[in-house]
Structure formats: C-alpha cells, structure tokens
Amino acid sequence: MATYLGFDSSTQSLTATVIEIAGPIRRIVFEHVLDFDAAFPEYGTAHGVVASGDGRTVTAPPAMWAAALDRMAGVLASSGLDLSAIRAITGSAQQHGSVYLGAESGRALRELDPARPLAAQLEGSLSRPVSPVWMDCSTTAECAGLTSAMGGEAALARLTGSRAYERFTAAQIRKFASADPSGYARTDRVHLVSSFMASLLAGRHAPLEPGDASGMNLMDLAARRWSPNALEATAPDLARRLPPIHDSWSVIGEIAPYWRRKYGFGAALLMPWSGDNPSALVGLGLVTPGVLGISLGTSDTVFGPIAQPAHDPEGAGHVFGSPAGGYMALTCFANGSLARERVRDAHGLDWDGFSAALRSTPAGNGGAMMTPWFVPEITPLVAQAGVRRHGLDETDGARMVRAIVEAQAMAMRLHSRWIAPKPAAIRATGGAAVNREILQVIADVFGAEIVRAAPRNAASLGAALRAYHAERRAEGELIEWEDVVAGFTAPDLRIEPDPAAVAVYARMLPAYQKFSSNP
Ligand code: XUL
C-alpha cells in the first residue's frame, strides 16, 4: 500500500491528510485538525495569532507551530496507520509569514533529540521570538520605500507578480532590519512558515519553492529566482539569509531521525512546502488554465492557474508560482461572508431565509444595485467603507439580499477577466458554497457551469497529492497532473447557468461597472 502525507499549517490550525493510492484505489485514509488556541493555550493566541494594541501588528509564535507538528506526529502514530509505509511528505502553510533564526539553528536542527519535545529544542535558535503573519498591516511606510526603490508599483508588480503589500515578506523584513538592527544582524536565516516547517521535518534548513516564494515581493516571477534588486531594496545582506528556491517537486531528502525514532516514520521523502493558496489549487483539481476557483469565505477569493507570468492591470490581484508548474492568479475581496452576514442580520434572517429571498426575487433585481463595501475593499481598492445603493429601498430585505449577492458576483466577474476572460467552468469551495442559490447567481453572472468541491481541507490534500506526484517523479514515473488529482477532487454538486438570467446579467454588467467605479 502506498501512502502519502500532506500537512497544512494555516493561521488557526494544523491539518494532516494521508492519502492511499493503489491502482484504482485512491482515497483519503486519515484527516485530523489541531486547533492552535484549544490545543496550545500556553501560547496565548486568539484565532492562532497575537494582535497587538496598535490594531496593525499581528504575530504568531513559531514555537507553537513546531509544537503542533510534534503533537500531530503523535496523533498519526497512535492512529493505527503504518507510518513506516508513508512514501513522501510535504505541506503548505499560511503565506507571507516569516521566521527568523540565528546561526546556531543549523546545528539545533541536525541534532534534534527524540527524547525531548521539539519546540523546546528550537527556543535558543530564534533570533526573533515571534513571526509577523499575513494579517499584519504595520508596514505601510516600508511598502512605500520598497515601491520607490523598485521604480514604482507597476514595475514591482511586473517583476514579482504583486505590487508592494504590507503582509508580503519584503516589507516585513525591511521593517525588522531597521527597527531591530542587532536582531537582524543575529539572523542567519529568514524562513517562510512553509520552509520553517519543512526544515523541522528535514532536520536541516529546507529550500523554498516558487508557489510560496512569490508571496514575498522578492522573487523574479518569470525567472523563479531571487531578484537581486528587490533583495537590495529590502535589507542589507539579505541574499545569504534566504533559502534557495527549488522546484516544487524537488526532493529535499528523507525525514530526519528525530521523527523516525520518536514516531516510527520510515525513509519518507520530503519536498519543499508551498503556500496554502497554491496548494489548495492542486487540492481542488485546478491544474489546467481556463478553469476558475471561487472560495466563499470570510473574504471571497477568485483564483486560477495561468500559463504565463502575468499581473493584474488594475494592481489589485496577485500572481504566484503554481506548485503544479506555471502560475496562479488570485484576487481577494474583503467583503465576502462578512458582507452577506451584515445584510442577513440587518433583516433578521437565517441562511434559509437568505436563500428564500434569492428564490423570491428576479435575476437583475429589476435594475436595483448596491456595492458591497461594508469594510474597506481590496478589489477594487476602496479605502473608505460605505455601501452605495441604486433604486433600492434598504428596508426591503429580499431585494437587499439579492443586491449584495449580485454585487459580489459581478465584482468577481469584472475583476477576474485578467485571470480567465471566459472561464469554461468554475469550481466553488468555502463555507458559503453550501448555499445553492448563491452559487446559481454566480453561475448566471459568469455564464458558466459551477461545480462544487466536496468539503475537505483542499490545501493539505493538495500537499499529499504533490507528495505523490514528486515521489513518483523521483522514481522516474512522470504522471500528468490531471491523473494526479483524479478521484480526489470529484464534485458533489453541479449547477448549470440559466440562459434567461445569463442574458439579464450580460446587460447589467456594464451598468454595475459604471455604478461601482469611483466618481
Ligand atoms: C494570501 C493570504 C492569505 C494567507 C492565509 O495572499 O494572505 O490567504 O495565505 O493563510
């Protein structure tokens, strides 16, 4: 029996997924989630992070992530699975977060002692006890400095796939190097969360791969290597502190003796960990350009594989490397479930009532429209929150519900044309994808079939599938990505667009674009 293990170290939890592949048998045999706040109260996190009083600085303790990996290996060992049969392991992690290690970290990783807890053995190696994570937005000044050093927003976006963002790692490193020069001087290695976790498994400093390295504003996206100019503009002597960038399917080596002796792993091969969004692309089966993914969560995201390194002409989206080769584009809308819930709650509805409102109102809402900006919006960039209405009585709950969902779907369509001008199909996932009526509006606005991915952790499944692909490749068997994901990404619901509604939205889209553009 061939088994492969994937992890996902996300903001709030660590997930492990084990898949079994034996001829026609392709199934998930283990999935477990460790919630950081509940499992590790001693680190004092809320939703996996520590938010400071300034409302902008958000960090997490890397020691907690190490403790979680150790604990998860214990859960795996007592699950009845034969860990010695796991052939390959990789993972994914929340993107952008950085971990700062001193010169002694190399030895600490090499000499991990199975008789002692993992986290305690790393404490002396951290040159900064906390890791700034993607929710941190304290680096606006550093973004401005970086942007001007790199010749402006458009030049930086062309080079790295994104304009400067507060959460991206370059701005974070720049801030640390200038705010704590002696801490930076003591730093021998700056890892992303992904390469830090991979280093723990490998027992030595692990490389990065292009999927996660492209979330730093430091990688030349087309060349898939560090941009000397971006490194120079970020912090002194940064090149020697960063891990190398290897192919996503390269083999780092075998799992370290610590894990073998302590938990019974065999000689499993390790690959570089990726970012959670690139990994979810694989876990959702989005491996061919032209297919779009939509995740309906706290924020909504629209993403898809693209063949060439592009960038969003409006400057709102990101392009990352795809761990399946090629690239992935991603656009994030801050007003996702958050905005849907605002409207739902304002009219005293539950989700069934929300769905009933969508069923009782016509496509196009009789020309009524609203913008969904209950909080400042990322896409399009709207700095001041504020909902605009047109021909809409705000006490009319049913029409308000339709207006918010139509606005979100039209914004997704308008701002994803640079990713896929006319997607052949859309794969929907995330909490709000349980709502069939919302998916119907999206299918009608895009004029495309929606298939819903069965609920599971797409990022850790994606990692397990990557481990399978890379291990087979190392053995000389090159498996097409469609065949890698086959059997694991079957949809549980299909929704066809309604031709009459598609025609309504085709007329409405330019009107919404005009209404929602800034005067
Ligand atoms: C992507 C981003 C988040 C994190 C969450 O750019 O910041 O999606 O990856 O884990």
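**A walk through a predicted model: sheet, helices, cavities**

Hi everyone, let me start with helix 9, residues 193–202: 10 of its 10 residues are buried, so this helix is largely enclosed by the rest of the structure. By buried I mean under 20% relative accessible area, with exposed being over 50% and partly exposed in between, using a 1.4 Å probe and protein chains only. Helices here are DSSP runs of H or I with at least four residues, strands are runs of E with at least two, and both are numbered from the N terminus.

Before going on, a word on the model. This is a predicted model, where local features need pLDDT of at least 70 and side-chain atom pairs count only at pLDDT 80 or more, while totals for chains, interfaces and linings use all residues. Residues are numbered from 1 along each chain as its sequence is written, and side-chain values use heavy atoms, with hydrogens and water left out.

Back to helix 9. Among its buried residues are Val193, Phe196, Met197 and Leu200. Just after the helix comes Gly203, with a positive phi of about 70°.

In which order do the 7 strands of the open sheet stand? The order is 17-18-16-15-21-22-23, and the pairing is mixed. From one strand to the next, the twist averages 25°. Two strands count as paired if DSSP finds at least two bridges between them. For the angles, axes are lines fitted to C-alpha atoms, for helices over the stretch in contact, and the angles run from 0 to 180 degrees between N-to-C directions.

Let's look at one pair in that sheet. Strand 16, residues 300–306, and strand 18, residues 327–333, run antiparallel and are joined by 7 bridges. Here Pro305 stands opposite Met328 of strand 18. Lying across strands 16, 17 and 18 is helix 13 (residues 276–283), which runs at about 110° to strand 18. Contact, whenever I use the word, means heavy atoms within 4.5 Å.

Next, please find strand 22, residues 449–453. Are its residues buried or exposed? The strand is mostly covered, with 5 of its 5 residues buried. That holds on both faces: Glu449, Val451 and Ala453 are buried on one side, Ile450 and Arg452 on the other. Strand 22 pairs with strand 21 (residues 425–429) in the parallel sense, over 4 bridges, and Ala425 stands opposite Glu449.

On to empty space. Rolling a probe the size of a water molecule over the atoms shows where empty space is left. A cavity is a set of points, on a 1 Å grid over the protein atoms alone, where a 1.4 Å probe fits but cannot get out, and lining residues have an atom within 4 Å of a point. Grid points are joined across faces, edges and corners, and a volume is the space filled by probe spheres set on the points. How many cavities of 30 Å³ or more are there? The count is 2, and the largest cavity holds about 90 Å³. It is lined by 15 residues, and the closest to its centre are Phe333, Pro372, Thr379, Gln408 and Ala411. Helix 16 (397–414) gives the most to this lining, with 4 residues.

Thr379 brings us to some backbone details. Most residues other than glycine have a negative phi, and most peptide bonds are trans. Thr379 and Pro380, however, are joined by a cis peptide bond, with omega about -10°. Arg224 has a positive phi of about 55° although it is not a glycine, and this residue is partly exposed at 23% relative accessibility. Asp237 also has a positive phi, near 55°, and is partly exposed with a relative accessible area of 49%.

Terms used. On a 1 Å grid over the protein atoms alone, a cavity is a set of points where a 1.4 Å probe fits but cannot get out, and a pocket is an open set with protein on both sides within 12 Å along at least five of seven lines; lining residues have an atom within 4 Å of a point.
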